[in-house]
Amino acid sequence: EKTDLEKRIDHTAAYLQKTVKGPQISSVGGEWTIIGLARSGVDIPDTYFKDYYETVLEEVKVKKGVLHSRKYTEYSRVALALTAIGADPSDVGGYNLLKLLEDVEKVIGQGINGPVWALIVLDEKEICQKYVDLILENNFFIN
C-alpha cells in the first residue's frame, strides 16, 4: 500500500497532467511541470514528454535557437527540463542550448539568477569557475 506522501505525489502528478495538457516553453505551464513530473517517480505517459519535446523543438527551430535575447535563464530552465526527460539540450534540432550559457556577459545580464542557473545546468568546469568567481567578485549576495 502507498504511503500518504506517495498518494499526494500521485494526486499532484494527476492534477498537473490535467491542468497542463500541453506544456510550453514557460516557467508556469512548462518546464517546472515537466521537471516535477519527470522526477516524481509517477508513471507518466511517454507521449506527454514527447509532446513537450516536439513543442520545444518546433519553437527552437522557428526562433533559430534564440529562446530570448536577454533572459538567459530560459536556456537553463529548458535544458533542465530536457535533461529530466532524457533529451539532450546540446542538440535540439541542431541547436546547442548549453553553448549559449557560455556567454558570460549575456548570462549575467539578469543579475544573480543568470549565473546561478547556468551553474546548475553546465558541467564545463572552466565556464562554471568563471561564474563562481563572478558571483564572489561582485558580491551578489551582499545588499
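Guide: Start with Ser76, which is buried, with a relative accessible area of 0%. Ser76 sits in helix 4. Before going on, note that this is a predicted model, in which local features need pLDDT of at least 70, side-chain atom pairs count only at pLDDT 80 or more, and totals for chains, interfaces and linings use all residues. Residues are numbered from 1 along each chain as its sequence is written, and side-chain values use heavy atoms, with hydrogens and water left out.

Visitor: Why is Ser76 called buried?

Guide: Buried means under 20% relative accessible area, exposed means over 50%, and partly exposed lies in between (1.4 Å probe, protein chains only). Ser76 has 0%, so Ser76 is buried.

Visitor: Which residues is Ser76 in contact with, leaving aside its neighbours within four places in sequence?

Guide: They are Leu101, Trp117, Ala118 and Val121. Contact here means heavy atoms within 4.5 Å.

Visitor: What makes a stretch of chain a helix?

Guide: Helices are DSSP runs of H or I with at least four residues, strands are runs of E with at least two, and both are numbered from the N terminus. The chain has 7 helices and 0 strands. Its pattern along the sequence is therefore written α-α-α-α-α-α-α.

Visitor: Is Gly41 buried or exposed?

Guide: Gly41 has a relative accessible area of 74%, so Gly41 counts as exposed. Gly41 lies in the loop between helix 2 and helix 3 (46-62). Gly41 and Ile9 are 32 residues apart in sequence, and their C-alpha atoms are 8.7 Å apart in space.

Visitor: What makes the pairing of Lys2 and Asp10 a salt bridge?

Guide: A salt bridge is a side-chain nitrogen of Lys or Arg within 4 Å of a carboxyl oxygen of Asp or Glu. For Lys2 and Asp10 the N to O distance is 2.2 Å, and the pair meets the rule. Side chains of opposite charge can pair when their charged atoms come close. Lys2 is partly exposed at 45%, and Asp10 is partly exposed at 25%.

Visitor: How many salt bridges does a search of the whole structure find?

Guide: The search finds 8. One of them joins Glu74 to Lys71, with the closest N and O atoms 3.8 Å apart. Another joins Arg77 to Glu74, at 3.0 Å from N to O. Glu31, Lys71, Glu74 and Arg77 are linked in a network of salt bridges.

Visitor: How do you know that Arg77 and Glu74 are separated by about one helical turn?

Guide: Both belong to helix 4 (residues 73-84) and are 3 residues apart, so about one helical turn separates them.

Visitor: Which words describe the accessibility of Glu74, Arg77 and Lys71?

Guide: Glu74, at 11%, counts as buried. Arg77, at 7%, counts as buried. Lys71, at 35%, is partly exposed.

Visitor: Why is Glu31 called buried?

Guide: The relative accessible area of Glu31 is 0%, so Glu31 is buried. Glu31 belongs to helix 2 (residues 27-39). Not counting residues up to four places away in sequence, Glu31 touches Gln24, Ile25, Ser26, Tyr52, Arg77, Val78 and Ala81.

Visitor: Why is helix 6 called roughly antiparallel to helix 7?

Guide: Axes are lines fitted to C-alpha atoms, for helices over the stretch in contact, and angles run from 0 to 180 degrees between N-to-C directions. Helix 6 (residues 113-121) and helix 7 (residues 125-137) pack at about 150°, with their axes 10 Å apart. Angles under 35 degrees count as roughly parallel, over 145 as roughly antiparallel, 65 to 115 as roughly perpendicular, and the rest as oblique. Helix 6 is therefore roughly antiparallel to helix 7.

Visitor: Which residues make the contact of helix 6 with helix 7?

Guide: Helix 6 contributes Pro115, Val116, Ala118 and Leu119, while helix 7 contributes Cys128, Tyr131, Val132, Leu134 and Ile135. By class there are 9 nonpolar, no polar and no charged residues. Ala, Val, Leu, Ile, Met, Phe, Trp, Tyr, Cys and Pro count as nonpolar, Asp, Glu, Lys and Arg as charged, and the others, Gly among them, as polar.
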